[in-house]
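Hi everyone, thanks for coming.

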Amino acid sequence: MTDVMADRSAVGPDPEVTPGAASGPRPAPPTRRQARRRGQLVAWAFLAPFMLAFVLFVIWPLIHGIYLSLTDQSLTGTGGSFIGLQNYSEALSDAVMWRSIGNTVWFTVITTVPLVLFALIMALLVNTGLPGQWLWRLSFFMPFLLASTVISQIWVWIFNPEIGAANEILSAVGLEPIAWLQTANVDLISIAIATIWWTVGFNFLLYLAALQNIPTLQYEAAAVDGAGPWRQLFSITLPQLGPVTGVILVLQMLASLKLFDQAYQMMDGNSSESSRPIVQYIFEAGFVGYRFGYASAISYIFFVLILLVGITQMIVLRRRKEDS
Amino acid sequence: MSATTTMNEIDAPGADVTQVRRTNRMPGEKSFGLLRILAFAALVSMAVLWLLPVFWAVVTSFKTETDAASGGLDLIGPSGFTTQAFEAILSQGNVYVWALNSLWTSAVITAITVAISALAAYAFSRLQFKGSRWLFLMVIASIIVPSQALIIPLYYQMLTFNMVDTYWGLILPQVVMAPIVFILKKFFDAVPVELEDAARVDGAGRLRVFFSVVLPLSRPILGAVSIFVFIQAWNNFLWPFLIINDTTLMTLPVGLQTVLSAYGVQYSQVMAQAVLAALPLVIVFLFYQRQIVKGVATTGFGGQ
């Protein structure tokens with residue numbers, strides 16, 4: 001009760017009222033210990049629910065995962081004794097793991113470029129203001145709303161070697177049919193095609209939003225100077241989209257590296273050498289092979305891969321920002 | 001043509017490019033028209049390409065199994081148009097259970113995520129406490145942690161909590177979304193402090209101010225973020241797939257996946273399933289396209 005009073009009397013120059021960065025000079029903070037303590041309490045009351053979940057479901061697993069990776073823990077509860085770095089040394093000499101990392105990186109390479117390029121082309125075309133905005137947005141973005149299960153089922157059907165639409169089309173134009181998901185190395189490309197179709201809409205929306213933020217004045221000025229449509233595209237639109245492209249690239253590469261859902265489902269759980277991504281190998285080691293310790297070690301190798309890519313991109317983006 | 005063009009250009013910000021060009025390209029009147037036709041053709045062909053897979057799924061779902069299994073690109077099979085596949089799927093009952101599970105767990109995940117993120121974001125934005133910056137940095141840094149790398153220890157944790165095969169085990173690990181905290185903090189930072197100060201002078205406590213001043217102002221961003229979280233939760237596969245084995249507790253994506261393996265070769269039924277599972281979000285999208293597009297775009301960009 002007294003706390004409340006103290007808080008109220010402190011309203012004017014209350015140090016807790018001063019916003020983080022939003023406002024100008026702060027009023028001189030009165031040295032009211034009580035008010036300050038209460039402020040801390042209030043802050044923690046706001047923070048508590050999120051921080052509790054954060055610690056329980058992110059921080060703790062992150063730490064516990066390190067410990068698990070140093071044991072021979074199994075899913076069935078047996079094992080659990082400390083074995084040092086054995087899991088890591090096994091993983092690093094595990095050909096299947098390296099193949100999975102290779103597949104994941106290859107998938108990232110073959111999806112990122114089309115996912116950025118198609119998205120850009122779609123957004124540029126839609127942004128010209130051609131009639132039918134509603135329909136274009138629906139066509140390109142709708143697949144993104146579908147669950148991985150749904151798109152996997154649709155594409156497994158399209159890629160069916162005997163009766164699928166993909167081969168029907170190939171034979172209609174006189175090409176040899178392909179066993180899309182049953183041929184080594186082609187399988188991952190097929191998964192990439194489905195993925196591009198599925199997720200390009202997200203990048204498309206990001207580009208569209210960015211395009212609509214470019215001030216029209218710039219175009220008007222350019223037009224006055226006699227710049228034609230192509231000139232405007234290359235000297236205004238594309239340069240302005242530079243930063244957005246950076247963000248989309250980062251998001252896209254990180255998303256592609258996390259491939260699992262559609263790869264697992266399109267192969268119906270039967271992973272092939274050439275299509276198994278690293279996350280699926282974590283899953284198989286942990287939930288098929290029951291080796292939680294080993295799976296944790298691979299998880300950390302995967303995490304390091306993500307960190308490396310993420311940090312590299314951040315450095316590149318920052319440098320480019322400084323340059324310009 | 002020119003009238004509709006102008007109308008559209010007014011509607012779409014940034015699109016007046018074309019209009020300005022019109023007045024300016026001297027020899028270009030013709031090539032401008034050509035460019036526009038080419039753009040339109042490109043747009044139509046891409047849209048067709050993108051709609052085709054879904055269209056094909058719908059077409060197949062209205063065929064008999066024999067027609068579907070015989071392939072071919074015809075729109076209606078030799079045996080004619082039929083809703084057999086849908087009837088077969090819907091008579092199994094599980095689809096309803098899964099759809100309901102997906103609906104309410106996604107709703108709960110969205111509610112919890114947005115509530116706890118908003119509270120935390122407000123603390124990070126407005127309240128001063130020891131270690132505020134440090135803590136915020138830690139939360140932001142956690143964005144780089146891929147949830148897929150945590151499945152093993154998380155599953156182990158759920159085993160010890162006895163939450164494997166429970167709704168809580170499904171829901172709780174999905175409510176921590178650091179990007180949402182970041183987005184909301186940025187939004188709160190931009191809300192003028194004066195608005196809150198006025199209420200504070202009137203004697204309202206922090207919580208009151210938060211609920212009666214800040215939240216009402218934040219409705220658009222909360223809506224945007226909620227849409228995003230809901231779509232993510234609705235479509236999430238890996239975690240629900242791991243944590244739920246009981247058929248009656250499954251979400252739609254996981255349930256459909258198990259059935260797919262069970263009756264693999266019944267193509268029109270599989271497509272009917274896919275169409276049914278896709279329907280709810282697609283219908284919602286048709287009605288709330290503007291809001292969803294905005295929600296996804298703002299959230300995707302980290303609230304800019």
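Let's begin with how chain A is put together: read along its sequence, the pattern is α-α-α-α-α-α-α-α-α-α-α-α-α-α. In other words, chain A has 14 helices and zero strands. Please keep in mind that what you see is a predicted model. For the complex, the predictor gives an ipTM of 0.84 and a pTM of 0.85.

How confident is the predictor in each chain? For chain A the pLDDT averages 86, and 90% of the residues score at least 70. For chain B the average is 83, with 86% of the residues at 70 or above. Over residues 1-30 of chain B, though, the pLDDT is below 50, and this stretch has 41 contacts in the model beyond near neighbours in sequence. Chain A has a stretch of this kind too: residues 1-24 stay under 50, and the model has 38 contacts for them beyond four places in sequence. Where pLDDT is low, the predicted coordinates should not be read in detail.

Now a quick look at chain B, which has 17 helices and zero strands. Of its 304 residues, 44% are buried; for the 324 residues of chain A, the figure is 43%. Among the contacts in chain A between residues at least 6 apart in sequence, 68% join residues at least 24 apart. In chain B, residues 24 or more positions apart account for 73% of the contacts with a separation of 6 or more.

Chain B also comes with a domain assignment: domain 1 covers 2-61 and domain 2 covers 89-300. Where these two touch, domain 1 of chain B gives four residues and domain 2 of chain B gives six. On the domain 1 side, the residues are two nonpolar, two polar and no charged.

Let's turn to the UniProt record. In an unreviewed entry, it places transmembrane regions in chain A at residues 41-63, 105-126, 138-158, 188-210, 241-260 and 297-317. What does the model show there? Residues 105-126 of chain A are 100% helix, with the end C-alpha atoms 31 Å apart. Residues 297-317 of chain A are also 100% helix, and there the end C-alpha atoms are 30 Å apart.

For chain B, UniProt, again in an unreviewed entry, lists transmembrane regions at 34-59, 103-122, 134-155, 167-188, 209-231 and 270-288. Residues 34-59 of chain B are 100% helix, and their end C-alpha atoms are 35 Å apart. Residues 134-155 of chain B, on the other hand, are 59% helix and 0% strand, with 29 Å between the end C-alpha atoms.

So how do the two chains meet? In the model, 97 residues of chain A are in contact with 98 residues of chain B. The largest share of the chain A side, 20 residues, comes from helix α2, residues 33-69. By class, that side has 64 nonpolar, 24 polar and nine charged residues.

If you zoom in on Tyr207(A), you'll find it touching Ala119(A), Leu120(A), Ala123(A), Leu241(A) and Val244(A), leaving aside residues up to four places away in sequence.

Ile282(A) takes us to helix α13 of chain A, where it is one of the buried residues, along with others including Tyr281(A) and Phe283(A).

Most residues other than glycine have a negative phi. Tyr290(A), however, has a positive phi near 65°. Tyr290(A) sits in the loop between α13 and α14 of chain A, and counts as partly exposed because it has 16 C-beta neighbours inside 10 Å. Is Asn185(A) buried or exposed? With 12 other C-beta atoms within 10 Å, Asn185(A) is exposed.

Technical notes
Residues are numbered from 1 along each chain as its sequence is written. Chains are lettered from A and ligands numbered from 1 in the order in which they are written. This is a predicted model: local features need pLDDT of at least 70, side-chain atom pairs count only at pLDDT 80 or more; totals for chains, interfaces and linings use all residues. Domain bounds come from an automatic or database domain assignment. Two residues are in contact if their C-beta atoms, placed from the backbone, lie within 7 Å. Ala, Val, Leu, Ile, Met, Phe, Trp, Tyr, Cys and Pro count as nonpolar, Asp, Glu, Lys and Arg as charged, and the others, Gly among them, as polar. UniProt positions are given in the numbering used here, feature names are shortened, and annotations may be inferred rather than shown by experiment. Helices (H or I, at least four residues) and strands (E, at least two) are DSSP runs, numbered from the N terminus. pLDDT is the predictor's confidence in each residue, from 0 to 100. A residue is buried if 20 or more other C-beta atoms lie within 10 Å of its own, exposed if 12 or fewer, and partly exposed in between; C-beta atoms are placed from the backbone.
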